[in-house]
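I opened the model today and kept short notes on each thing I looked up.

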Amino acid sequence: MDDRLNVRTMVDAKKGKIKPAIYTDPDIYQLELERVFARSWLFLAHESMIPKAGDFFTTYMGEDPIVVVRQKDGSIEAFLNQCRHRGMRLCHADGGNTKAFTCAYHGWAYGLDGGLTSVPLEEQAYRNKLDKSRWGLTRVPRVSTYKGLVFGNWDNEAPDLETYMGDIAWYLDGFLDRRDGGTEVLGGVHKWVIECNWKFAAEQFCSDQYHAPYTHASAIQVLQASPANKGDGKPLGDGQTPRPVWADALGGVQFGGNGHGSAFFFTEKPDANVWVDGVVSAYFRDTYAEAEARLGKVRALRLAGHNTMFPTLSWLNGTQTLRVWHPRGPNQIEVWAFCICDRDAPVEVKDALIKSHARAFGPAGFLEQDDSENWVEVQKVLQGHMARKTDFCVQMGLGFEERRDDGIPGVTNYTFAETAARGFYQHWADMMSAESWEEINALSAAYQKELVHE
Ligand code: FES
Ligand SMILES: [Fe+2]
């Protein structure tokens, strides 16, 4: 083990303590790019975005620019979006269709398969001595898809995608596999910047439902009308606490290894988490029977909540947002939000869903704004010397983890617990300090064994 930056002393998942330097230290951030982002399976695109040969989409793996390209044989390849001549960003477009990629700096051109095909004035300038076969684009060695989602991984030693996903695939199926036709991305991608560390966003989506009654109090009051929530829209009285409908629900927080988490609750409503009534809500009710036949009752009945597949892919059932928290230094992220819909949904549902997605979780979405304000303020507080030395508490539900016998996988806890957050940071520390995936896997197995006393 190479605990180069002493990350082991910064995360104590067993005691539920974290040193905030993990959110601010530039050296830690550089090590994250190497050890977390260059070794994990990272979301690249949805297959529906690049259906035809020559279709491409540009994205990032960590801070590395990537171009994802549909090949002539229908397969998908991904390349570093960097010209091999002098490092220029090769493709500047967000996406499109092309026969070749030509660099805007000096004109080197590459085929869909990444091979260098043309060099201006090759004969005169290079005397025909340039071996073009050696100067193709840098290929992402591992690209794999799961139910329409395309992932890439730089590390040949990493487990295959489905092994890496583990239990989180069961939860992701509830989002992607409700209907026979699968899913597609509606419209384009919303992109915006938040001044916070990527771990605040990723960890919250994997674990934190505790924030909702306070952070989203106004939304809960307005949208989930009930006497307990003061759904009449009038201000809360002194001493009153907003109370989400799921506070007494049977629920849990899952951690199934590799840092993934699902903060979920059960509901008897097929349209829970939609947050608006109307055609979207009706659609989830109308398609319930098909979803139940495919997924079983628990997931079809909107096993609602939010989820993170480590490190930076998150989604939220119902509002159908799927997002990546692209890191931009220790103090900033770029959020890329995709609206995911069942491919077979009627067009009026798709139109309404795009709007409801933007309303709740677009850049100015009423839930998005609530969440990001917290992360930005914590990041600002951490500019202080003493603030950076003051431990965070991640102890909620510590010691009350359990395994269920009702088919719900992973280690669970009460709805409000930090089990998945502890798992997230444990895995982060394992990746940051372990030399190999063999070591990471051994550390993960040991942590999970200790987590539940059976
Ligand atoms: S940097 Fe691309 S052709 Fe020179
Ligand atoms: Fe939230």
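**Terms and ground rules.** I count two strands as paired if DSSP finds at least two bridges between them. Helices (H or I, at least four residues) and strands (E, at least two) are DSSP runs, numbered from the N terminus. Residues are numbered from 1 along each chain as its sequence is written, with chains lettered from A and ligands numbered from 1 in the order in which they are written.

**The open sheet.** I started with β5 (residues 64–70) and β6, which pair antiparallel over five bridges. In this pair I found V68 opposite A78 of β6. Both strands belong to an open sheet of four, in the order β6-β5-β4-β7, with antiparallel pairing. β6 (76–80) and β7 (95–97) are its edge strands, each pairing on one side only. Neighbouring strands of this sheet are turned by 25° against each other on average, direction ignored. For such angles, axes are lines fitted to C-alpha atoms, for helices over the stretch in contact, and angles run from 0 to 180 degrees between N-to-C directions.

**Whole chain.** I then stepped back. The protein chain has 15 helices and 22 strands. Of its 454 residues, 57% count as buried. Buried means under 20% relative accessible area, exposed over 50%, partly exposed in between (1.4 Å probe, protein chains only). I also checked contacts, meaning heavy atoms within 4.5 Å. Among contacts with a separation of 6 or more, 67% join residues 24 or more positions apart.

**Confidence.** pLDDT is the predictor's confidence in each residue, from 0 to 100. The chain averages 90, and 90% of the residues score at least 70. Where does pLDDT stay under 50? That happens over residues 227–238, for which the model has 19 contacts beyond four places in sequence. Where pLDDT is low, predicted coordinates should not be read in detail.

**Strand β18.** Seven of its seven residues are buried. In a regular strand the side chains alternate between the two faces of the sheet. Here T321, R323, W325 and P327 are buried on one side, and L322, V324 and H326 on the other.

I traced its partners next. β17 (residues 313–316) runs antiparallel to β18, joined by four bridges. W315 stands opposite L322. The hairpin of β17 and β18 has four residues between the strands, and G318 takes a positive phi near 95°. On to β19 (residues 333–342): it pairs with β18 over seven bridges, again antiparallel. T321 stands opposite C339 there. This hairpin has five residues between its strands, and G329 in the turn has a positive phi of about 85°.

**Helix α4 and L176.** Is α4 (residues 168–176) largely enclosed or open? Eight of its nine residues are buried, so the helix is largely enclosed by the rest of the structure. Those buried include Y171, D173 and F175. L176 lies in this helix too. I read 2% relative accessibility for L176, so that residue counts as buried. Beyond four places in sequence, L176 is in contact with Y146, K147, L149, G182, T183 and I340.

**Pockets and cavities.** The search used a 1 Å grid over the protein atoms alone: a cavity is a set of points where a 1.4 Å probe fits but cannot get out, a pocket is an open set with protein on both sides within 12 Å along at least five of seven lines, and lining residues have an atom within 4 Å of a point. Grid points are joined across faces, edges and corners, and a volume is the space filled by probe spheres set on the points.

The largest pocket holds about 410 Å³ of space. Its lining has 21 residues, with F200, E203, D208, F392 and E418 nearest the centre. α5 gives the largest share of that lining, four residues.

I counted four cavities of 30 Å³ or more.

Conventions: This is a predicted model: local features need pLDDT of at least 70, side-chain atom pairs count only at pLDDT 80 or more; totals for chains, interfaces and linings use all residues. Side-chain values use heavy atoms; hydrogens and water are left out.
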